[in-house]
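Hi everyone, thanks for making time this morning. I'd like to walk you through a model I've been looking at, so let me put it on the screen.

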Amino acid sequence: MSDTKETADRLDNVKWALVAVLVAAGVYGNSYFADESLLYRVLGLLALAVVAGFIALRTAQGAAFWTLVRESRVEIRKVVWPTRQEAVQTTLIVVAFVLLVALVLWGLDGLLGWLVSLVIG
């Protein structure tokens, strides 16, 4: 059982190394072909990114990440999002509270500054 896990770990290391090589090739290729059209360079980088992502998803960490993404989408569907009116009202309450606290702090700062100026002359 541990022999299978060890082999899978080694294969994962090889896959991650291949992903690193693809990313490095993309960085180098982008600078090497700087005189080429931006469109071609972007398409080449996108192709390398798709291949690198495909390889990365075939590792244990990539599979765990993909599972997390799928479960997150399920959880997002369960969220009860506020209506536009609720969002606007909540935003206005927050803005009003921030302004109120700012005024109180401004007043305290002025009062403390005045008291300090009285003490030190």
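Let's begin with the nonpolar patch on the surface, which has about 1100 Å² of accessible area in total. Its members are Phe97, Leu100, Val101, Val104, Leu105, Leu108, Leu111, Leu112, Trp114, Leu115 and Leu118. Please keep in mind that this is a predicted model.

Take Leu108, one of the patch residues. Leu108 sits in helix H4, which covers residues 84–120. Its relative accessibility is 43%, so Leu108 counts as partly exposed.

While we're on helix H4, have a look at Leu103, which belongs to that helix. Is Leu103 buried or exposed? Leu103 is exposed, because its relative accessibility is 56%.

Now for the charges. How many salt bridges does the structure hold? The count is one. Side chains of opposite charge can pair when their charged atoms come close. Here the partners are Lys78 and Glu75, at 3.3 Å from N to O. Both are in helix H3, residues 60–78, and they are three residues apart, so about one helical turn separates them. As for solvent, Lys78 is exposed because its relative accessibility reaches 56%. Glu75, with a relative accessible area of 45%, is therefore partly exposed.

Staying with helix H3, we also find Phe65 there. At 49% relative accessibility, Phe65 is partly exposed. Its C-alpha atom is 19 Å from the C-alpha atom of Arg77, a residue 12 positions away along the chain.

I've kept Asp12 for the end. Asp12 is located in helix H1, residues 2–32. Asp12 is buried, and yet has no salt bridge. Which side chain of opposite charge is nearest to Asp12? That would be Lys15, at 4.3 Å; the cut-off for a salt bridge is 4 Å between a side-chain nitrogen of Lys or Arg and a carboxyl oxygen of Asp or Glu.

So what does the Asp12 side chain reach instead? It comes to 3.0 Å from the backbone nitrogen of Ala60. Leaving aside residues up to four places away in sequence, Asp12 touches Arg58, Thr59, Ala60 and Gln61.

How values were computed: Residues numbered from 1 in each chain as written. Predicted model: local features only at pLDDT ≥ 70, side-chain atom pairs only at ≥ 80, totals over all residues. Heavy atoms only, no water. Helix = DSSP H or I, 4+ residues; strand = E, 2+ residues; numbered from the N terminus. Buried < 20%, exposed > 50% of the residue type's maximum accessible area, 1.4 Å probe, protein only. Lys, Arg positive; Asp, Glu negative; His and termini not counted. Polar contact = N/O pair within 3.5 Å; in protein donor to acceptor, adjacent residues only side chain to side chain. Contact = heavy atoms within 4.5 Å. Patch = residues over 30% accessible without salt bridge, like charges linked within 9 Å, V, L, I, M, F, W, Y side chains within 5 Å. Areas by Shrake-Rupley, 256 points an atom, 1.4 Å probe, with all protein chains shown as cover.
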